[in-house]
Amino acid sequence: MLSKGLFKKPKNELEAQHRIKRKTDPAIPSELCRSCPSCKQLSFTSDLESNFHVCPKCGHHFRINARQRLNMIIDQDTFVEQYHELSSTNRLGFPGYDEKLEQAALFSHENEGVIIGTGKIDNRKVALFVMEATFMMGSMGQVVGEKITLIFEYALKHQLPVIGYTVSGGARMQEGMLALMQMAKTSGAVKRHSDAGLLYLTILTDPTTGGVTASFAMEGDIILAEPEALIAFAGPRVIEQTIRQRLPKGFQRAEFLLEKGFVDAIVPRSTQKETLTQLLTLHGIPKGGDQNGSI
Amino acid sequence: MEAYKRVALARKKTRPTGQDFIDNLFTDFIELHGDRCFGDDPAVICGLGHLMDMPVTVIAQERGQNTKSRVKRNFGSAHPEGYRKALRQMKLAEKFNRPIVCLIDTSGAFCGIGAEERGQGLAIANNLMEMMSLKVPILSVVIGEGGSGGALALGVADEVWMLENAIYSVISPEGCASILWKDASKTKDAANCLKLTAHDLLELQVIDKIISENHRDFKNVYRELKIGLYKCFQKNQALDRDQLINNRYQRFRKYGAIESMTK
């Protein structure tokens, strides 16, 4: 089929986009090596694992799942999960949603897009939520909103700080307005926790967007971010389509937000536990408590 | 009526806008500009007026009434300074113990370079958090289009009402069709699936009341709103402040609460 503008010179990169052929990666067994999406260099999976899943060549932070994150920051065997069993139902009868939920559960080995619980960092007890990107891109439906609300309510009751890792595509559209309402609900829970003088730290990871950015992700007392994480209200593709312009390089990345004054610090994975410990100490969060972080 | 027909009615160019509602609901209205930080956002009108004999703070999203004013108002899509202006006025309302009326009509918070650079996400998040604990009665009415987070940023209230032909949605039906089905022609199906009409949302308890419309004449709408707002504010002003805030928290706490989920 001949397209109309076949011989037209593209005005900008956006127009030319469909003409650029995608480079295909050489075929290498995926379990042995991984190619870095940033510098394209190959690294052994074992090397990546011992390096916090950060590219040893360029420092690119690979996306990792929630349980890997927990292992990196929580003292060994201190994590006690809460409400693991909660899973979503298709209350609006949205077409295709049941299948999507099923696939997401198989793909992520989780019941929903966030894990909550308590654990210890440097022997200091904290409440935690860690979002899971492989479950429908960490989108927020009623269960994600409920679990985040529950952990803030638990932390308020037990006078604990909350540490939250965000990664999300925003509100889950298959749950309609009930998903949007989670933004208000979680914000209310954060506010109550905050009004009681308790500490809330967020670590924004790649990508944190939409309704999550516009609610609890940006409500932390201290907001940290992983290097180069995309942090946005409207994603770059939506903005390009709205304003019909190519976006500047680095736009909406963690470094850009730091420069504009919207995050407190950028902390690479290798020093996150150290930084969290330092911040907990500076806020007088006591060591010890009960033996294994149990409820 | 089919959901997509409501979408078309909610967006109709001749539909009364925020300014019309201000002119018809309040007397002695005075507009107050600016967020005291960056600028004044014409997509949001803030000010004070009398609702009958009651002084109130009014916050209205305004999409513009003709081509020129639509461009000036950015078609009702606010930048962060619009939300910050609204929050500034809400804080003043709290200081002087005035009830707050929010009139929602936007296709969404603006998606652009400036909006992102100035923290659109943070501005909305701050409104959600602060509105949750404002110690004065708040009532939000969706008068046209309630577009996602940009609408919710004025929608954390003691009660949320909708006009009969207004819509309130997590995403536009167009956006939903193009993301989920990669097919813009499925917009009508998307509108149905999203449950965005006033009747659907009353059933889901997302809203508390529908104001019926005769879309040729809004006189009845204004009258019903005026009396309804007044009564609701009277009732809520009489409440103990902690009770008022707790009621608001519980109103939003119920969505997807653990006891309502079964599996």
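The model is a predicted one. UniProt, in an unreviewed entry, lists residues 36-58 of chain A under "zinc finger region: C4-type".

Within that stretch, the unreviewed UniProt entry also places the feature "binding site" at Cys36(A), Cys39(A), Cys55(A) and Cys58(A). These four residues span 23 residues in sequence, yet no two of their C-alpha atoms are more than 8.7 Å apart, so they gather at one spot.

Two of these cysteines can be followed in more detail. Cys55(A) sits in the loop between helix H2 (45-50) and helix H3 (66-73) of chain A. Cys58(A) likewise lies in the loop between H2 and H3 of chain A. Their surroundings can be described by counting neighbours. Cys55(A) has 22 C-beta neighbours inside 10 Å and therefore counts as buried, the threshold for a buried residue being 20 or more. Cys58(A) has 12 such neighbours inside 10 Å and therefore counts as exposed, since a residue with 12 or fewer is placed in that class.

The contacts of the two cysteines can be set side by side, leaving out residues up to four places away in sequence. On that basis, Cys55(A) touches Cys36(A), Ser38(A), Cys39(A), Ser43(A) and His60(A). Cys58(A) touches Cys36(A), Ser38(A) and Cys39(A).

Now consider the chain as a whole. Chain A has 10 helices and nine strands. Of its 295 residues, 46% are buried. Among the contacts in chain A with a separation of 6 or more, 67% join residues 24 or more positions apart.

Two of the helices pack against each other. H5(A) and H6(A) have axes 9 Å apart and meet at an angle of about 10 degrees. This makes H5(A) roughly parallel to H6(A), because angles under 35 degrees are classed that way. Residues on the H5(A) side of this contact include Ile148(A), Phe152(A) and Leu156(A), and those on the H6(A) side include Leu178(A), Ala189(A) and Val190(A). By type, the residues of the contact of H5(A) with H6(A) divide into nine nonpolar, six polar and three charged.

The next topic is the partner chain. Between the two chains, 43 residues of chain A are in contact with 40 residues of chain B. On the chain A side, the elements giving two or more residues are helix H5 (142-157), helix H6 (176-195), helix H7 (210-213) and helix H8 (236-243). H6(A) gives the most, with 15 residues. The residues on this side of chain A divide into 24 nonpolar, 13 polar and six charged.

Technical notes:
Residues numbered from 1 in each chain as written. Chains lettered and ligands numbered in written order. Predicted model: local features only at pLDDT ≥ 70, side-chain atom pairs only at ≥ 80, totals over all residues. Contact = placed C-beta atoms within 7 Å. Helix = DSSP H or I, 4+ residues; strand = E, 2+ residues; numbered from the N terminus. Nonpolar A, V, L, I, M, F, W, Y, C, P; charged D, E, K, R; others polar. UniProt positions renumbered as here; feature names shortened; annotations may be inferred. Axes fitted to C-alpha atoms, helices over the stretch in contact; angles between N-to-C directions. Parallel < 35°, antiparallel > 145°, perpendicular 65-115°, else oblique.
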